[in-house]
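Student: I would like to work through this model with you, going from the contact between the chains to the fold and then to the local backbone. Could we take one question at a time?

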Number of protein chains: 2
Amino acid sequence: MDSDYPLEQTPARRRRNKVREAILAAAERMFAKEGESGLSIRRLAEEIDYSPSAIYKYFGSKEELLEELKDSFFERLLDQVDRVSAASRDFHDRARACVTTYVSTATARPHHYAAAFSSVPTPEELAIRQHLSWEDFIATSKGQAFKILVDLVEEGQALGVFDTTLDPLKAAKSIWASCHGLALLMIHMPILPDVQPCPAQSDDDFVAYHADIVMRGLAVPAETPHKNGPQS
Amino acid sequence: MDSDYPLEQTPARRRRNKVREAILAAAERMFAKEGESGLSIRRLAEEIDYSPSAIYKYFGSKEELLEELKDSFFERLLDQVDRVSAASRDFHDRARACVTTYVSTATARPHHYAAAFSSVPTPEELAIRQHLSWEDFIATSKGQAFKILVDLVEEGQALGVFDTTLDPLKAAKSIWASCHGLALLMIHMPILPDVQPCPAQSDDDFVAYHADIVMRGLAVPAETPHKNGPQS
DNA sequence: CTATTTTGGTGAACACTGTTCACTTTTTGA
DNA sequence: TCAAAAAGTGAACAGTGTTCACCAAAATAG
């Protein structure tokens with residue numbers, strides 16, 4: 001069955017991929033508009049003029065299909081952030097850009113981002129995930145996103161703008177929590193920004209504002225302000 | 001039909017409330033264990049020895065029932081935070097306690113908290129929510145939670161520990177995002193804390209750590225450290 | 001106390017859903 | 001050319017939320 005060189009694209013394979021992509025494209029369209037509950041295998045099959053059972057020749061289950069949508073979305077998000085994190089600019093601008101692109105690409109596809117963090121692991125799954133190595137973790141998309149943050153923290157510490165007494169992993173987790181929370185808050189509760197007679201600003205402005213506050217929390221503390229540093 | 005004083009509890013009403021509470025209790029148990037997808041009207045009816053259609057004499061739909069579960073959970077959460085925010089302690093400890101109790105009560109019932117922020121509003125819903133007043137907003141549970149944060153920020157500013165140039169609303173939103181994100185990160189990705197040869201600490205310790213970092217981001221800036229304050 | 005109306009509860013049905021499986025048609029590879 | 005593998009299908013299964021006609025019991029009115 002396997003050919004001379006493994007990457008050969010027989011016409012059959014090409015056709016198969018085409019159908020697969022058609023399924024994914026329709027699913028993507030559906031899911032982006034109506035979310036997980038709005039994505040139905042039967043409607044999806046109807047959309048691309050196939051029978052529902054045909055889908056199962058390409059995806060083992062609806063869950064598997066959804067997993068692929070979510071994964072490819074998160075990898076796109078990761079690429080975006082990776083790009084701006086590798087740009088050569090002022091450190092503060094670059095760090096802020098990481099936050100803003102993370103949040104804006106997340107909110108641009110609310111269903112995707114929310115679904116990417118939707119599973120509540122059962123105790124058994126939790127026990128399994130407990131013993132997975134750091135290497136295995138940063139091999140995943142989420143792990144790579146986390147690694148970008150860790151590197152960013154370490155760079156900030158090396159540049160003398162971040163507190164060197166902070167554990168980079170903890171700091172990175174703190175940053176991630178702040179970004180994650182803002183993105184989801186904007187997705188699920190998009191009313192807070194200018195609910196009052198204050199000068200209305202755009203969402204993007206607030207994200208940058210939030211990013212600056214988050215970074216201030218990691219900055220080197222003032223000489224003797226109060227006894228308010230996180231104790232190790 | 002209406003009696004002399006509106007609060008009269010006829011035996012019928014009492015019986016009805018009893019059944020209603022039984023439904024809610026079973027639903028609560030089911031939902032806490034298996035989440036929204038695991039809560040089935042039919043299984044729920046079977047659990048309390050009623051027919052599925054009986055449920056609809058007490059709740060208009062599954063959505064309505066779920067709404068009640070989520071709302072009552074969030075009000076419990078609000079109560080917890082309200083209590084510790086009203087305690088008379090050192091400001092830093094109190095603020096930190098607000099964050100830690102918020103996050104820990106959220107993670108104690110992961111399905112509830114996640115579901116409380118699960119709806120992605122459609123553009124139409126968004127347009128409706130756009131013109132709702134500040135008064136209407138802080139009448140809701142979420143609004144009250146937000147108000148606690150705003151008050152906390154203003155108190156911190158009055159005490160001179162928070163930067164007075166910060167808009168209390170924006171600062172409160174920033175704090176909320178950070179808490180919300182940490183809670184959801186711990187719910188959906190409970191692997192980050194000590195994934196490495198670093199001294200393993202408990203989740204609670206990290207939440208407090210995070211709280212301190214968040215508060216540091218709102219503290220009065222050092223004299224002339226860098227040009228890293230959020231510009232208004 | 002009786003008659004009437006309202007309430008609580010049920011079973012069957014409707015319109016969905018994801019998924020499986022026996023089956024046919026098409027395509028591929030030797 | 002022929003057998004084997006792949007692609008695709010319709011019907012069925014086991015679920016789901018929800019509705020509705022119907023019935024019995026309780027509350028209410030005369």
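Tutor: Buried area is the accessible area, taken with a 1.4 Å probe, that two parts lose on being put together, summed over both. Please keep in mind throughout that this is a predicted model.

Student: What is the area buried between chain A and chain B, and what percentage do carbon and sulfur atoms give?

Tutor: The contact draws on 65 residues from chain A and 65 residues from chain B. Within what chain A buries against chain B, A:Lys173, A:Tyr209 and A:Arg216 supply 13%, more than any other three residues. The area buried between the two chains is about 6,400 Å², and the part of it that carbon and sulfur atoms give is 66%.

Student: Which side chain of chain B meets A:Arg216 in a salt bridge?

Tutor: Across the interface of chain A and chain B the rule finds 2 salt bridges, and it also finds 13 residue pairs in polar contact, both residues being at pLDDT 80 or more. In one of the salt bridges, at 3.3 Å from N to O, the partner of A:Arg216 is B:Asp163.

Student: Which element gives the largest share of the side of chain A that touches chain B?

Tutor: Several helices of chain A give two or more residues to that side, including H5 (91–108), H9 (141–158), H10 (168–188) and H11 (203–216). By class, the side of chain A that touches chain B has 32 nonpolar, 20 polar and 13 charged residues. The largest share, 14 residues, comes from H10(A).

Student: How many helices and how many strands does chain A have?

Tutor: Read along the sequence, the pattern of chain A is α-α-α-α-α-α-α-α-α-α-α. Of its 232 residues, 47% count as buried, and among contacts between residues at least 6 apart in sequence, 65% join residues at least 24 apart. The secondary structure of chain A therefore comes, with helices and strands taken as DSSP runs, to 11 helices and 0 strands.

Student: Is A:Asp49 buried or exposed?

Tutor: A:Asp49 is found in the loop between helix H2 (41–47) and helix H3 (52–55) of chain A, and its phi is near 60 degrees, a positive value in a residue other than glycine. Because exposed means over 50% relative accessible area, a relative accessibility of 70% makes A:Asp49 exposed.

Student: Where does B:Asp49 lie?

Tutor: B:Asp49 has a positive phi of about 60 degrees although it is not a glycine. With a relative accessible area of 70%, B:Asp49 is exposed, and it lies in the loop between helix H2 (41–47) and helix H3 (52–55) of chain B.

Technical notes
Residues numbered from 1 in each chain as written. Chains lettered and ligands numbered in written order. Heavy atoms only, no water. Contact = heavy atoms within 4.5 Å. Salt bridge = Lys/Arg side-chain N within 4 Å of Asp/Glu carboxyl O. Polar contact = N/O pair within 3.5 Å; in protein donor to acceptor, adjacent residues only side chain to side chain. Helix = DSSP H or I, 4+ residues; strand = E, 2+ residues; numbered from the N terminus. Nonpolar A, V, L, I, M, F, W, Y, C, P; charged D, E, K, R; others polar. Buried < 20%, exposed > 50% of the residue type's maximum accessible area, 1.4 Å probe, protein only.
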